[in-house]
Amino acid sequence: MIIRLICRRSHGRGLNGIRALSVSDEEVFKKLDQDNNKRPVQEEEEKLVSGVGHCVDVVRRHDYENFLCTLVAPTTARRPLMGLRAFNVEISKASITPFSTPEEKKIQQLKLAWWRRTLDDIYKGRHVNTPVAVELAHAVRKHKLSKGFLVKLIDGRSRGVRYNSLHDVEKAADLSFSPVLYLTLEILGHRSVDADHAASHLGRCESLVGLVRSIPHLSNKGMCILPNSTLAKAGLSQTAVVRGEEKESLKNAVHDIASSAHVHLEHCMKLRGTLPSTAQLALIGCVPARATLDTLERYDFDVTNGKALQRKALLAMRIKKEAIRLNLVGNWNHMKSGMKPGR
């Protein structure tokens, strides 16, 4: 259409064979110029809203407990926190596991390699265009996030090793869980050795809780990822776990893992109490972790009972209550219909 307007030729042979523009043509071009001037701004705004909304949706669907924890963050911190959590979800979905087939492993390696290149682009100030990458870039620019922690998260998803002991699980947590908490502390403006120490314990606790939660899901797929030493101590085999046999022995194994998680949680809580309120808010993940461990204990560590791993109905209120205690509660209504972008 535009080409026809510009290159409409008259029957005569005027200058360059192009007819002089009529008044209506000039109005059309004026309108097009106005639209072109506005479009980049409108597209950027639409891209911003869609990017934030996409990240909120990803975290809500795949990391609901941390979604709730992010809701109580200060308004200006929610957008970068959602971007960080969405990034963590994306690389988690690309994790290489001991059960990955060669084809799956190749695809997962490509995805993780793509994120490595994207991180390089972000820190070199290059353009990125996927919603999660755009939001992560915003968080990096605004809060000067440490690249090393983001790289560690990718490294932690690239290993795909089996666990021989709970110590191996805890070492893996230092790559896959704790760096997210370190970055959360950076977004909330608190960097200290004590805060990082508390975050390390919480990351290990969350990793162990996640291990327990994975038992029923993996068993249904004929898989078991429990550490060999834990299985041996409980007198279990991977086959027995997958088949749901020897429930008492499985309870003992779960109790062993949950006990280690509880120790790390207690260490975190002790250190957390000495930190400023904003740093304590960054570690508010201890609330859902404690709720999960309490529920497990109530049902005698029987993960074959669906209620033992069921999320508590009042978890959101527990998190909000903790935020109120810290005098840092956010406006939850702000998130009902989607998250408005913070500046």
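What share of the 343 residues of the chain counts as buried? The figure is 46%, where buried means under 20% relative accessible area, exposed means over 50% and partly exposed is in between (1.4 Å probe, protein chains only).

Before you click on anything, some ground rules. This is a predicted model, so local features need pLDDT of at least 70 and side-chain atom pairs count only at pLDDT 80 or more, while totals for chains, interfaces and linings use all residues. Residues are numbered from 1 along each chain as its sequence is written, and side-chain values use heavy atoms, with hydrogens and water left out.

**Stop 1: the whole chain.** Switch to cartoon view and you'll find 16 helices and zero strands. Helices (H or I, at least four residues) and strands (E, at least two) are DSSP runs, numbered from the N terminus. Among contacts between residues at least 6 apart in sequence, 68% join residues at least 24 apart; a contact means heavy atoms within 4.5 Å.

**Stop 2: helix H4.** Select residues 75-93. With 14 of its 19 residues buried, H4 is mostly covered. Its end C-alpha atoms are 28 Å apart, which agrees with the 27 Å that 19 residues should span at 1.5 Å a residue. That expected span is 1.5 Å times one less than the number of residues.

**Stop 3: the core.** Now for the largest nonpolar core, which holds 96 residues. A nonpolar core here is a set of buried Ala, Val, Leu, Ile, Met, Phe, Trp, Tyr and Cys residues joined through side-chain atoms within 4.5 Å. Select Phe87, Leu150, Leu226 and Leu296, which touch the most other members. H10 gives the most to this core, with 11 residues. Zoom in on leucine 150: not counting residues up to four places away in sequence, leucine 150 touches Leu84, Phe87, Leu119, Tyr123, Leu136, Val140 and Leu183.

**Stop 4: leucine 211.** Go to helix H10 (residues 193-220) and pick out leucine 211. Leucine 211 is buried, at a relative accessible area of 6%. Its contacts, leaving out residues up to four places away in sequence, are Leu166, Val169, Ile225, Leu226, Pro227 and Ile257. Try the distance tool too: the C-alpha atoms of leucine 211 and alanine 258 are 9.5 Å apart, though 47 residues separate them along the chain.

**Stop 5: H7 against H8.** Select residues 147-156 (H7) and 166-176 (H8), which pack at an angle of about 135° with their axes 7 Å apart. That makes H7 oblique to H8. Where do they meet? Lys152, Leu153 and Gly156 in H7 touch Asp174, Leu175 and Ser176 in H8. Stay in H8 and find glutamate 170, which counts as buried at 12% relative accessibility. Aside from neighbours within four places in sequence, glutamate 170 is in contact with Arg204, Leu208 and His264.

Most residues other than glycine have a negative phi. Select aspartate 300, in the loop between helix H15 (286-298) and helix H16 (315-325): although not a glycine, aspartate 300 has a positive phi of about 55°. In the loop between H15 and H16 you'll also find phenylalanine 301, with a positive phi of about 60°. Buried or partly exposed, which is which? Aspartate 300 is partly exposed at 43% relative accessible area, whereas phenylalanine 301 counts as buried at 14%.

Technical notes: Axes are lines fitted to C-alpha atoms, for helices over the stretch in contact, and angles run from 0 to 180 degrees between N-to-C directions. Angles under 35 degrees count as roughly parallel, over 145 as roughly antiparallel, 65 to 115 as roughly perpendicular and the rest as oblique.
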